[in-house]
Amino acid sequence: MSRGPQPHGTANAVTPIVFVVDDDPSVRGALSSLFRSVDLAVELFGSAAEFLQRKPSDSASCLVLDIRLPGVSGLDFQAQLLKANIRTPIIFMTGHGDIPMSVRAMKAGAVDFLAKPFRDQDMLDAVAAALQRDRQAREAEDSMTALRAAYGLLTAREREVMALVTTGLMNKQVAGQLGLSEITVKIHRGHAMKKMNARSLADLVRMAESLGLHRPKAHQP
């Protein structure tokens with residue numbers, strides 16, 4: 001999953017980055033000073049097109065976006081990002097905001113919608129919330145990637161056994177369905193748990209749910 005499209009320098013990979021997209025240089029400058037004052041990296045863009053030209057970031061990040069942009073509105077740009085599966089959390093700024101705009105923005109996943117002029121602390125609070133959201137999303141994505149990689153190490157038979165035991169069947173029942181001995185099922189189950197790094201059957205069940213496993217058809221001898 002991509003999280004955003006390097007002008008103005010590259011931030012350290014572990015430093016959170018705030019992307020600012022606003023066609024007003026004075027606004028960009030003021031926000032840059034504000035974010036740098038709390039040790040956040042900042043990248044500035046005058047248009048949506050400029051932002052899309054940057055490379056994806058490995059750091060937690062968020063996008064502070066003006067609702068009125070040259071060429072495309074901030075709301076339309078938000079829709080474009082979602083369509084492209086770019087999930088960078090967004091904080092909208094506007095000097096012309098109204099209730100329908102804010103509702104549309106928030107329904108599409110925006111973290112906040114701040115009317116200009118806003119208090120510095122309100123912006124910092126919104127950015128902190130957005131960065132935390134992005135960190136959590138990245139952690140969940142990394143966990144899912146690791147889970148799929150572990151599942152990929154299982155043999156076809158281990159996957160069958162895992163799918164069945166995680167539905168609540170006993171080893172004896174699984175053995176009957178697959179035409180195996182109970183001891184063979186135990187061995188496959190043990191291998192699956194080891195490869196999946198599951199500490200208990202409950203762990204394995206949660207992993208199966210996360211992977212969306214379906215119970216396979218009964219083995220035909």
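**Figure 1. Salt bridge between D122 and R119 in the predicted model.** The closest N and O atoms of D122 and R119 are 2.9 Å apart. D122 is partly exposed, at 28% relative accessibility. R119 is exposed, with a relative accessibility of 54%; R119 is classed this way because its value is over 50%.

**Figure 2. Salt bridge between D22 and K116.** The N to O distance between the two side chains is 3.1 Å. D22 sits in the loop between β1 (17–21) and α1 (25–36), and K116 in the loop between β5 (112–115) and α5 (120–151), so the contact ties together parts of the chain that are 94 residues apart in sequence. D22 has a relative accessible area of 0% and is buried. K116, at 29%, is partly exposed.

**Figure 3. Salt bridge between R206 and D203 in helix α9.** Here the closest N and O atoms lie 2.4 Å apart. Both residues belong to α9 (residues 201–211), where a spacing of 3 residues separates them by about one helical turn. R206 is partly exposed, with 47% relative accessibility.

**Figure 4. Network of D22, D66 and K116.** Salt bridges with shared partners join these three residues into one network. One of its pairs is D22 with K116, at 3.1 Å from N to O. In the whole structure, a search finds 9 salt bridges, including those of D122 with R119 and R206 with D203.

Methods. Residues are numbered from 1 along each chain as its sequence is written. This is a predicted model: local features need pLDDT of at least 70, side-chain atom pairs count only at pLDDT 80 or more; totals for chains, interfaces and linings use all residues. Side-chain values use heavy atoms; hydrogens and water are left out. A salt bridge is a side-chain nitrogen of Lys or Arg within 4 Å of a carboxyl oxygen of Asp or Glu. Helices (H or I, at least four residues) and strands (E, at least two) are DSSP runs, numbered from the N terminus. Buried means under 20% relative accessible area, exposed over 50%, partly exposed in between (1.4 Å probe, protein chains only).
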